[in-house]
Amino acid sequence: MVRITLPDGSVKEFANAPTVGEVAASIGAGLAKSALGGRVGTTGANLAKDGELVDLAHPIESDSSLAIVTAKNRDGTVSPDALYLLRHSCAHVMAEAIQRLYPGVQLVYGPPLETNFYYDMLFPDGKVMSADDFEKVEAEMAKIVAENRPFTRYELPIADGIAKLEKEGSKFKLDNAQRAVEAGSKSLSWYATGEPGKNWEDLCRGPHVPATGKIGAFKVLSLASSYWKGDEKLDRLTRVYGTAFATKEELEQYARLQEEARRRDHRTLGKQLRLFHIDEMVGQGLILWTPKGSIVRNELQNFIGTELRKQGYHQVYTPHIGKLDLYKTSGHFPYYKESQFPAIVEGDDLTKLCDSGCSCGELVARIDGVSAQFARELNERTGREVIAQDRVMDADKLINGFLLKPMNCPHHAKIFASEPHSYRDLPVRLAEFGTVYRWEQSGELNGMTRVRGFTQDDAHLFVREDQVAEEVLGCLSLVKIIFATLGMHEYRVRVGLRDPDGTKYVGDPANWDKAEQACRDAAKTLGVPFSEEPGEAAFYGPKIDFVVKDVIGRSWQLGTVQVDYNLPVRFDLSYTGQDNKPHRPVMIHRAPFGSMERFCGVLIEHFAGAFPCWLSPEQVRVLPISEKSAPYADELVAALKARGVRASVDHGNDRVQAKIKVAAEEKIPYMAVVGPRDAENRVVSVRARGVEANLGEMPFDAFVAGIAAEIDARLLSGAPGTVQAALTK
RNA sequence: GCCACCGUAGCUCAGUGGUAGAGCACACCCUUGGUAAGGGUGAGGUCGAGGGUUCAAUCCCCUUCGGUGGCUCCA
């Protein structure tokens, strides 16, 4: 006797272990027809969390909870489980279609994802697939779907399964199987699209929809390259992306959302709204901030600047370059040499080197080199061999040069070290909008979100050991203020810890433990869920990161707070304690925005270009109905400007309708339409962005004061207290 | 850096083996109009760059630069 508990709490009893499909059939013929799979768990389990997604043909051996998976949930929403089954199944169909069209293609791995699926495959030598072939592949897939072949699961004992794969000769599938065994699989399973032995099949854990005909709508999306197991030393694979839905309507909806996302994309909006420009001749990944974008950036900087003054920070400025010795001391060079712009070596030195016939390889070695004294001192201070002996060379061999700064911390450490400090002075908080340069791989560059030159809203806090926890908290409060003011609620918090097996970390493990605990404790106070991620720490200390997603679903790290027990040692920083002895401070690195470039990019998408009034490049556009009202319009703009409001008049000879359209396209938060009637009554007719109507009249002075107040308070559009809210009450 | 795709006017995009077009934007003229495009005229392009094939290349081929989507990377 098997007792099945359904989501509505009802219980069904079966004499023998029924399949999910049989349970569905016992409930109703309609359900049996639309069922795609099931989610089972122990009786009373939270299926959404702990349940296992299974085939329709999966037999239920013992008392369980069961939810039948159909394309739509009972409340009409699309079931993620159904999409998983559909996409996983569609990946098989696509793989079969591609193997038909391109004999010799080896399959590697094809999982479903949040909005799509892919299949990694190895094409035989010389063969490639091109985007022009998508239609052909889709046509072949359509045939397989039309044949409505069942997905048939069969299992083999591990030894037999491995033998079968060895015979078939696919190292990729063999590896998948071996990994499944290592992960604890008791047997290996295959899914045939049709009849085992007769039709196409694939080693697969499943589950799948019952038959290919259930795949209502699908599309091959794109091609990419990937590496086997993500390792660039292993085979380079072709990754084919596709997506699948239960219905054509859902696929069309997906396409519409993609289109909408493209419109919100900061690169599209940045061009449209003239917020920034990237010029080939200036260089890849180097942002040119146009006047409008600069306003947004500047407002953000003023905003955070106000908060920093409240929290006792000192503003500093440091140059964009520093000597190699600075970064050899900090450890950034040559450790991160691959991610930096090459060193700048003085012309005279270079000439001397060339004249002496110095080879390229030797030059590189000599740039990395340090003096014996330098190595000895640093190694002693850090208590380990941070400078290997092979980098030590004679003084006459050493080349001095400069580096475009990849980080601001060494400069700030030197400011701290430039004068003696008492324990009473700490924490010392040094803040700078510091521009840094990093050599990102060309393929990684992306609009404003991944660039080669960027400005961090950086600060370094030099604190006593007993102040670490409190100061980390203070840093987090800054991030919270920013996110709250901007209405950004969709972020996740990541506490980056050491990778237990990692070797790249520097510093004392005991200090690491303390720092990691401080981060955990601070993150707990945020009141939002956070994840602890081993291996995500910086090489010098643990960190707390704030991560948001862009419109196409990619994650970007914004704000960060990092504890550092390492640099103070390397730079031999100290303060005088109560005991009149030198003590080592702890450094905290923090950048609440992360970088101005990335943050603005994400912010453009967050607001879809429609910034709140205080951030908008233009805050009020005054639209005179005709030239007759120009003087009154000018008077209004002058009054607004006197209050620091960014406003202008559209003096064009277009009709007011056309002026409204232009201002709307520029996403200006407020329009003030003024004509003879308004001038006579000393009022303005107000329109707010996103509201397709005249909101009504407002007295001249009240409008100016209202806009200025809304800006000063840094209110979000339409929030209580805004001019818009006052008029729509 | 790797794979696929893309590069035509300031922007969005058509187009063709016989040296180019639209809409918007821009300039000028008419229009002075009350809440999402009034009308007309005009200017604007070495078709990303270099090389090759051809009588002839924006179009075909190669190289290169840049962009996009992924992969790898991200102190």
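Predicted model: local features only at pLDDT ≥ 70, side-chain atom pairs only at ≥ 80, totals over all residues.
**Surface around RNA strand B**

RNA strand B is surrounded by 57 residues, and the closest of them are Arg236, Arg267, Ser442, Glu444 and Ile625. Of the atoms of RNA strand B that come within 4 Å of the protein, 49% belong to sugar and phosphate. By residue class, the surface near RNA strand B comprises 19 nonpolar, 20 polar and 18 charged residues.

Several secondary-structure elements supply at least two residues each to this surface: strand 11 (217-227), strand 12 (236-245), helix 9 (266-272), helix 21 (656-665), helix 22 (676-681) and strand 31 (683-688). Helix 21 provides the largest share, six residues.

| Residue | Protein atom | Atom of RNA strand B | Distance |
|---|---|---|---|
| Gln657 | backbone N or O | sugar or linking oxygen | 3.5 Å |
| Lys661 | polar side-chain atom | base nitrogen | 3.1 Å |
| Asp678 | polar side-chain atom | base nitrogen | 2.6 Å |

In general, the strands of a sheet pair through backbone hydrogen bonds, in either parallel or antiparallel fashion. Strand 15 runs parallel to strand 19 (residues 428-437), and two bridges join them. Within this pairing, Gln315 stands opposite Ala431 of strand 19.

Definitions and conventions
Residues numbered from 1 in each chain as written. Chains lettered and ligands numbered in written order. Heavy atoms only, no water. Near = heavy atom within 4 Å. Polar contact = N/O pair within 3.5 Å; in protein donor to acceptor, adjacent residues only side chain to side chain. Helix = DSSP H or I, 4+ residues; strand = E, 2+ residues; numbered from the N terminus. Nonpolar A, V, L, I, M, F, W, Y, C, P; charged D, E, K, R; others polar. Pairing = 2+ DSSP bridges.
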